[in-house]
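Here are my notes, in the order I would read them. Have the coordinates open alongside.

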Amino acid sequence: MTTINFSTGKFPFKDLIRDYLGVTSLSFIHLQEGFCYLDKFERINDQSTHFHKLFYDLARTPEFTILYLEFIKNVIKPLFGEEVVFQKVPTFRLHFPGNIAVGEFHRDREYRDLAWARRVNEFNFFLPITDAFRTNTIWAESEEGKEDFNPINAEYGQIVMWDGSNLLHGNKINEEACTRVSFDFRVMPFSRYEPSEKGSINMNSKFGLDGYYDKI
Ligand SMILES: [Fe+2]
């Protein structure tokens, strides 16, 4: 697990997301007037709020797309030292107090073609927009099969590179006062890339360069 610092002045994801979602504080988005989400998230509805929809609308705007591409090019790609294949639209997470952000403990490879996932050597990148700590962040094992879960603590301005494909991970009920807002995406070295016909659960797009991924 590696934590990388980046300039929030150069890559102001927080301002962009907060403004587009139309809220004054992302940490207290659950206190926004008219907010109502009492159901505990499950796999089927953990991408279902009005705010998720707004984020994915934002992700299609030139403003976000250009910023995200610049980020991949300048912060992520140098970590690999070669061309990279990256998740075209990052996945948005809201971890409300009293709730979870992701519906089940899992290894990301479980949602893929298993043999393919092992071959491509994909990494996860976790970018918290609000501070992520204790019960409002991801809990992950340190080695495959160990199940010694610990929180992935990080703050805005940091991005965590880790092996979400193979390490079991999930959420606890958020017992903090604030919502964790984050996005995450997957990246692999182009030299390991090969297309897969299986689709992504969340975005219903194929795991190929014409769907879920892009190359830079
Ligand atoms: Fe995951």
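What covers the buried residues of H1?

1. Ground rules first. This is a predicted model, where local features need pLDDT of at least 70, side-chain atom pairs count only at pLDDT 80 or more, and totals for chains, interfaces and linings use all residues. Residues are numbered from 1 along each chain as its sequence is written, and side-chain values use heavy atoms, with hydrogens and water left out.

2. On to that question. The cover of H1's buried residues includes helices H2 (50-58) and H3 (62-80), plus strands S3, S4 (123-128) and S9 (180-189); contact means heavy atoms within 4.5 Å. Helices (H or I, at least four residues) and strands (E, at least two) are DSSP runs, numbered from the N terminus.

3. In H1 (residues 13-21), Phe13, Leu16, Ile17 and Leu21 are buried, meaning under 20% relative accessible area with a 1.4 Å probe, protein chains only. They sit on the same side of H1, because their arc around the axis is only 115°, taken from the directions from the helix axis to the C-beta atoms. Just after H1, Gly22 has a positive phi of about 70°.

4. Now the metal. His106 (NE2), Asp108 (OD) and His169 (NE2) are the protein donors of the iron ion, at 2.1 to 2.2 Å; donors are N, O and S atoms within 2.8 Å of the metal (3.2 Å for Na, K and Ca), and with water not among the atoms, sites may look incomplete. Their spacing along the chain reads H-x1-D-x60-H.

5. His169 lies in strand S8 (residues 169-170) and counts as buried because its relative accessibility is 7%. His106 is buried too, at 5%.

How values were computed. Buried means under 20% relative accessible area, exposed over 50%, partly exposed in between (1.4 Å probe, protein chains only).
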